[in-house]
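Here are my notes on the model, point by point. Please read them alongside the coordinates.

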Amino acid sequence: MTAIYQREMRSYLTSAVGYVFLAVFYAIAGYYFFATSLVSNSTDLSYVFSNLFSIVIFLVPMLTMRLFSEERRQKTEQALFTAPVSFTGVVMGKFLACFFVFFVASTLGLLPAVAMSFFSNPPWGEIIGNYIGTLLYGGAMISIGVFISSLTVSQIIAAIGTFIVSILLMYIDMVASTVNNTVVSTIVEWISFTNRYTTFAQGLFSISSTVFFLSVAAVFVFLTARRLESRRWS
């Protein structure tokens, strides 16, 4: 797993993907920070972080689209099948490399709040809550993106597929308000990523939401490993 992780990290560092992701992430985050905090001279960063939640939807597909689809396109997938590591280890190595890039982006995104703390008292409870929620949400979406990437040889299709799933998971709670069936409505609200994230955005730590996001990540890592195993014998 370590070798796969190091291989993917080198790929992010030697290609434009990682740098473009970080550049776009900070450009958008910087714009919202300037527009909502500096211009209005406010320490309220809730709007900044709420928009970072939306940014994840557009940027995660950029990180995950090439992870397995590129292996298939370049005919290097067989090297993974014969590597002295389990399929779960292969998937985890790629997942962790992708998540680390996302982690770096999210962590450095706290720098404006740190700078503001020298001159004022920003709401650190909400800030840390949004930070943890963003990491958990991002990890779950990355695992879904990794799985979708394993389904196709096209990076574009993988990116579009991950984006569509992200949109559905973000706005699926709106469906709950239009469904008359109580059971269906409850299930829809339960799987809504937005509802899960909102708890953290309020500065509250939710064990159930944490377990939910971690479970989503674990399930899709498992499914991706099984997908690779099935293709090995096809």
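1. A residue is called buried under 20% relative accessible area, exposed over 50%, and partly exposed in between. Arginine 226 has a relative accessibility of 30% and therefore counts as partly exposed. The model is a predicted one, and the points below should be read with that in mind.

2. Overall fold. The protein chain contains twelve helices and zero strands. Of its 234 residues, 45% are buried. Among contacts between residues at least 6 apart in sequence, 74% join residues at least 24 apart. The chain exposes about 11500 Å², and carbon and sulfur atoms supply 70% of that area.

3. Nonpolar side chains tend to be buried together in soluble globular proteins. Here the largest nonpolar core has 50 residues, and Tyr12, Phe21, Leu63, Phe193 and Phe213 have the most contacts inside it. At least two core residues come from each of several helices, including helix 1 (2-14), helix 2 (16-38), helix 3 (46-64), helix 6 (87-108) and helix 12 (207-232). Helix 8 gives the largest share, eleven residues.

4. Leucine 63. Which residues does leucine 63 contact, leaving aside its neighbours within four places in sequence? They are Tyr12, Val17, Phe21, Cys98, Val101 and Phe102. Two of these partners, Tyr12 and Phe21, are also listed with leucine 63 among the residues with the most contacts inside the core.

5. Helix 11. The buried residues of this helix are Phe193, Thr194, Arg196, Tyr197 and Phe200. They lie on the same side of helix 11, because they cover an arc of only 160° around the axis. After helix 11 comes glycine 203, with a positive phi near 85°.

6. Side chains of opposite charge can pair when their charged atoms come close. The count for this model is four salt bridges. One of them joins arginine 66 and glutamate 8, with the closest N and O atoms 3.4 Å apart. This pair links distant parts of the chain, since arginine 66 sits in the loop between helix 3 and helix 4 (69-73) and glutamate 8 in helix 1, 58 residues apart. Both arginine 66 and glutamate 8 are buried. Glutamate 8 also forms a salt bridge with lysine 94, where the closest N and O atoms are 2.6 Å apart. Here the link runs from helix 1 to helix 6, across 86 residues. Lysine 94, like glutamate 8, is buried.

7. Helix 12 pair. Glutamate 229 and arginine 226 meet in a salt bridge at 2.8 Å, N to O. The two residues are three apart in helix 12, about one turn of the helix. Glutamate 229 counts as partly exposed because its relative accessibility is 30%. Elsewhere, salt bridges that share partners join Arg7, Glu8, Arg66 and Lys94 into one network.

8. Surface patch. Val114, Phe118, Phe119, Trp124 and Ile128 form a nonpolar patch on the surface, together accounting for about 560 Å² of accessible area. Isoleucine 128 belongs to helix 8. Is isoleucine 128 buried or partly exposed? Its relative accessibility is 35%, so isoleucine 128 counts as partly exposed.

9. Isoleucine 28. This residue is located in helix 2. Isoleucine 28 counts as partly exposed because its relative accessibility is 29%.

Definitions and conventions
Residues numbered from 1 in each chain as written. Predicted model: local features only at pLDDT ≥ 70, side-chain atom pairs only at ≥ 80, totals over all residues. Heavy atoms only, no water. Helix = DSSP H or I, 4+ residues; strand = E, 2+ residues; numbered from the N terminus. Buried < 20%, exposed > 50% of the residue type's maximum accessible area, 1.4 Å probe, protein only. Contact = heavy atoms within 4.5 Å. Areas by Shrake-Rupley, 256 points an atom, 1.4 Å probe, with all protein chains shown as cover. Core = buried A, V, L, I, M, F, W, Y, C linked by side-chain atoms within 4.5 Å. Patch = residues over 30% accessible without salt bridge, like charges linked within 9 Å, V, L, I, M, F, W, Y side chains within 5 Å. Salt bridge = Lys/Arg side-chain N within 4 Å of Asp/Glu carboxyl O. Arc of directions from axis to C-beta.
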